[in-house]
Amino acid sequence: MKELKSKILTGNSGCSLTVFREEIYKIRKQSSNRTTSLRLIEQYNKFKEFRKFNNILTPKTFKSGKKNKRFFYDMEYINGKTLSLILISRPLSETKEIINNIFKYIFFCRDNSDYIYQKKIFLKKINILKTKINIKEKYIKKIFIKIFKYDWKNISYSNSHGDLSLENIIINKDKIFFIDLSKNFIDSYKLDISKLLFDLISCWSYRNIEHETHLIEINSLKKYIIRILEQKLDRKDISDIKMLILIDFLRVLTYTNDFKNKNLLKKHLRNFYDNFNNPLRW
């Protein structure tokens, strides 16, 4: 195995990524401990189960196994740009066209959804988040009260990406690749929508750049997605998605250690909560 990069990259998941070549360019993703091994196995299985939808697909997977008791798998290296980069470097019309294709997939998943999740699944997740967050701000306490009291009885199981951020969508020519699929606490098209909106509301995919210079593009795409939802979903569905966005914020707060990023999250979470029923101000 000839490595192209001796430097091993590590993301928020704690897994290492090594780029190498074996006939074609590949990426090896390897876990760092037992917990990340279990998550990585779930991700690998989700990749293998994913079925191509129109021009939306995932990288091909190859060898998998354990090295030093840590699970790994190899996948195809996709040479393309993330949707987060395309949004700020190309005409907005190109991003909208990509988003339209992604929402065709999302609504296909909705139309083929299955059973309704039980409320206790959401309460369990909320309790876990509460134990991990050192709550000081009053508005965060109010958010926990809000999501605890919510009527979690309208969210159905469906196929989903699980962590559909702009960074996890790669464009190669006319193909859309989903990367870093996640086995989340639920699988639902509503979770995918909430992840996209969370990313735009929090500017999370732009946390490491001077994103203030790209707010016009970010806000334009955010408003475009909101218009799609208002046309395609009813109020209860949109309410579910907004509550899931709150959970998205809290979840990311639990593992974000960087002081600057944590403050960025809290700033946008406060604004989202204060303007909960006014999407134009998200």
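Is Cys109 buried or exposed? At 4% relative accessibility, Cys109 counts as buried. Buried means under 20% relative accessible area, exposed over 50%, and partly exposed in between, with a 1.4 Å probe and protein chains only.

This is a predicted model, in which local features need pLDDT of at least 70, side-chain atom pairs count only at pLDDT 80 or more, and totals for chains, interfaces and linings use all residues. Residues are numbered from 1 along each chain as its sequence is written, and side-chain values use heavy atoms, with hydrogens and water left out.

**View 1. Cysteines without a disulfide.** A search of the whole structure finds zero disulfides. A disulfide here is a pair of cysteine sulfur atoms within 2.5 Å. Cys109 is buried at 4% relative accessibility. Cys15 is buried too, with a relative accessible area of 5%. Cys203 counts as buried at 2%.

**View 2. The second largest pocket.** Its volume is about 370 Å³. A pocket is found on a 1 Å grid over the protein atoms alone: it is an open set of points where a 1.4 Å probe fits, with protein on both sides within 12 Å along at least five of seven lines. Grid points are joined across faces, edges and corners, and the volume is the space filled by probe spheres set on the points. The second largest pocket is lined by 18 residues; a lining residue has an atom within 4 Å of a point. Lys46, Glu49, Phe50, Asn159 and Ser160 lie nearest the centre.

**View 3. What lines the second largest pocket.** Helix 1 (34-49) and helix 3 (92-111) each supply at least two residues of the lining. Helix 1 gives the most, with four residues. Helices (H or I, at least four residues) and strands (E, at least two) are DSSP runs, numbered from the N terminus. The lining divides into seven nonpolar, four polar and seven charged residues. Ala, Val, Leu, Ile, Met, Phe, Trp, Tyr, Cys and Pro count as nonpolar, Asp, Glu, Lys and Arg as charged, and the others, Gly among them, as polar.

**View 4. Phe50 and Tyr105, an aromatic pair.** A search of the whole structure finds 21 aromatic pairs. In one of them, the rings of Phe50 and Tyr105 have their centres 5.8 Å apart and their planes at 40 degrees, so the pair is tilted. Phe50 lies in the loop between helix 1 and strand 5 (56-57) and Tyr105 in helix 3, so the pair ties together parts that are 55 residues apart in sequence. Rings of Phe, Tyr and Trp (its six-membered ring) pair if their centres lie within 6.5 Å; planes under 30 degrees apart count as stacked, over 60 as edge-to-face and the rest as tilted. Phe50 is buried at 14% relative accessibility. Tyr105 is buried at 5%.

**View 5. A cluster of rings.** Which residues do ring pairs link into a cluster? They are Tyr115, Tyr117, Phe122, Tyr150, Trp152, Tyr157 and Phe185.

**View 6. Charges over rings.** Arg21 lies over the face of Tyr25, at 5.0 Å from the ring centre. The charged end of Lys146 sits over the ring of Phe276, 4.6 Å from its centre. A charge sits over a ring if NZ of Lys or CZ of Arg is within 6 Å of the ring centre and within 35 degrees of the ring normal.

View 7. Most residues other than glycine have a negative phi. Lys173 has a positive phi, near 60 degrees. Lys173 is found in the loop between strand 9 (169-172) and strand 10 (175-178), and counts as exposed at 79% relative accessibility. Cys203 also has a positive phi, of about 55 degrees. Cys203 is found in the loop between helix 6 (189-202) and helix 7 (215-232).

View 8. Arg207 is placed in the loop between helix 6 and helix 7. Arg207 is buried, with a relative accessible area of 14%. Arg207 and Asn261 are 54 residues apart in sequence and 6.6 Å apart in space, C-alpha to C-alpha. Asn112 is placed in the loop between helix 3 and helix 4 (119-132). Asn112 is exposed, with a relative accessible area of 51%.
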